[in-house]
Amino acid sequence: MERRVVITGMGIWSCLGTDIESVKEALYNGKSGIGLDTERIGYGYRSGLCGMVEKPVITKKDLDRHTRAGMSEEAEYAYMASRQALDMAQVDKEYLSRNEVGCIFGNDSSAKPVVESSKIMDEKHDTQMLGYGLVFQSMNSTVNMNLCTIFGLRGVNFTISAACASGSHSIGIGYMLIKQGLQDMILCGGAQETNYYSMASFDALRAFSVRMDEPTKASRPFDKDRDGLIPSGGAAALMLEEYEHAKARGANILGEVVGYGFSSNGGGISQPSDEGCFIAMTRALNDAGMTPDDIDYVNAHATSTPQGDWYEAKALARLFEGKHALISSTKSMTGHECWMAGASEIVYSLIMMRHNFVAPNINLEHPDEYADRLNITPKTVDTTVNTVLSNSFGFGGTNSALIIKSIQ
């Protein structure tokens with residue numbers, strides 16, 4: 001028999017809040033975390049819109065100076081989210097010293113330390129001026145290497161770099177490893193830096209909304225008047241664990257991962273595909289032994305881009321038109337959390353599942369052609385949520401879909 005995979009802890013550090021309770025309140029009340037960063041305009045951005053993420057305060061009481069020097073911005077976010085997840089899972093230092101726990105995080109860039117290193121070299125022309133920490137901050141694996149060092153994690157240890165599906169794939173791969181008996185516990189998640197260095201190239205593609213007069217109304221997934229995404233970030237962490245292992249140690253089970261689907265579009269590097277979306281969702285449903293009728297809520301990838309939302313809505317309509325599943329994109333409130341989004345949206349979905357509501361797709365005033373055929377809710381709905389399908393797609397045509405369900 002294949003082993004069951006459950007979630008026993010979760011943590012979040014996002015523009016909606018820096019703990020589960022504050023994020024729950026924001027989701028339920030449809031409160032946007034998007035604001036205007038004037039520094040971006042001064043730096044040369046077309047759009048200064050972004051998710052306003054609180055900077056973590058990590059002192060010597062938390063970590064020594066040597067450790068902090070090697071932490072990138074996204075590693076700091078991930079550390080804060082992971083502390084929450086470990087606490088909720090009732091996993092302390094003593095437990096970690098006696099047991100093997102793995103770590104798989106999604107992260108696909110670390111721009112700020114690379115830019116800072118380049119500036120120092122251009123000015124000083126001396127590698128000795130780069131200091132100790134920049135090499136560890138600048139690597140894509142910066143999150144994993146820091147978390148495994150800080151918490152003493154001795155299981156599987158690698159980073160998933162898959163654009164905006166990174167966080168989702170990290171959970172999917174963690175789920176597969178536990179299911180196959182290769183690990184009992186894996187800390188999974190995603191992290192995304194929010195500094196303005198990290199998103200200039202996206203702004204160059206004219207991917208961002210320029211609705212700067214009303215920041216909280218700028219992210220408009222599935223709406224005809226959407227004009228682009230809003231960059232955001234932070235980190236989300238989840239403790240995945242084998243079901244019998246969790247029961248044996250008396251852990252509180254938050255939900256179960258039951259399906260993972262993936263695909264690649266095989267087309268243009270930035271071209272979305274309804275067929276790729278459809279294949280990933282269908283594969284996740286087949287893995288879970290479910291049909292669209294079994295899904296109560298779909299957390300859509302929908303980022304508020306003209307093309308991406310349209311293609312996803314087209315794929316969703318093939319599966320969910322005429323079905324009871326409610327659909328929303330939490331990116332209407334968070335903006336696009338990029339490498340962390342696939343993980344944070346599982347946290348958001350678990351919060352909804354545990355508190356019996358579906359968060360709204362705010363700013364949806366005029367649904368486009370395919371969105372109009374779906375049960376996309378612009379308002380919070382108080383309802384029982386037992387099963388969730390969460391979509392994540394990224395540049396290069398990478399697609400991921402996860403299904404989680406409640407434990408009855």
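In this predicted model, helix α12 meets helix α13 through Asp 274, Glu 275, Cys 277, Phe 278, Met 281, Thr 282 and Leu 285. Their partners in α13 are Tyr 311, Glu 312, Lys 314, Ala 315, Leu 316, Arg 318, Leu 319 and Phe 320. Sorted by class, this contact holds nine nonpolar, one polar and five charged residues.

Two packed helices are described by the angle between their axes and the distance between the axes. Helix α12 covers residues 274–288 and α13 covers residues 306–320; their axes lie 8 Å apart, at an angle of about 40°.

Helix α4 (residues 73–88) and helix α8 (residues 142–151) cross at roughly 45°, and their axes come within 9 Å. This angle therefore makes α4 oblique to α8. The crossing of α4 and α8 is right-handed. On the α4 side the contact includes Ala 78, Tyr 79 and Ser 82, and on the α8 side it includes Asn 146, Leu 147 and Ile 150. Eight nonpolar, three polar and two charged residues make up the contact of α4 with α8.

Tyr 79 and Leu 147 also belong to the largest nonpolar core, which has 78 residues. Together with Ile 7, Leu 27, Leu 238 and Leu 240, they touch the most other members. Leaving aside residues up to four places away in sequence, Leu 147 touches Ala 78, Tyr 79, Ser 82, Cys 103, Phe 105, Gly 152, Leu 153 and Leu 187. A second, separate core has 31 residues, among them Ala 280, Met 290, Ala 315 and Phe 320.

Methods: Residues are numbered from 1 along each chain as its sequence is written. This is a predicted model: local features need pLDDT of at least 70, side-chain atom pairs count only at pLDDT 80 or more; totals for chains, interfaces and linings use all residues. Side-chain values use heavy atoms; hydrogens and water are left out. A nonpolar core is a set of buried Ala, Val, Leu, Ile, Met, Phe, Trp, Tyr and Cys residues joined through side-chain atoms within 4.5 Å. Buried means under 20% relative accessible area, exposed over 50%, partly exposed in between (1.4 Å probe, protein chains only). Contact means heavy atoms within 4.5 Å. Axes are lines fitted to C-alpha atoms, for helices over the stretch in contact, and angles run from 0 to 180 degrees between N-to-C directions. Helices (H or I, at least four residues) and strands (E, at least two) are DSSP runs, numbered from the N terminus. Ala, Val, Leu, Ile, Met, Phe, Trp, Tyr, Cys and Pro count as nonpolar, Asp, Glu, Lys and Arg as charged, and the others, Gly among them, as polar. Angles under 35 degrees count as roughly parallel, over 145 as roughly antiparallel, 65 to 115 as roughly perpendicular and the rest as oblique. A crossing is left-handed if the near helix is turned anticlockwise from the far one by less than a right angle, and right-handed if clockwise.
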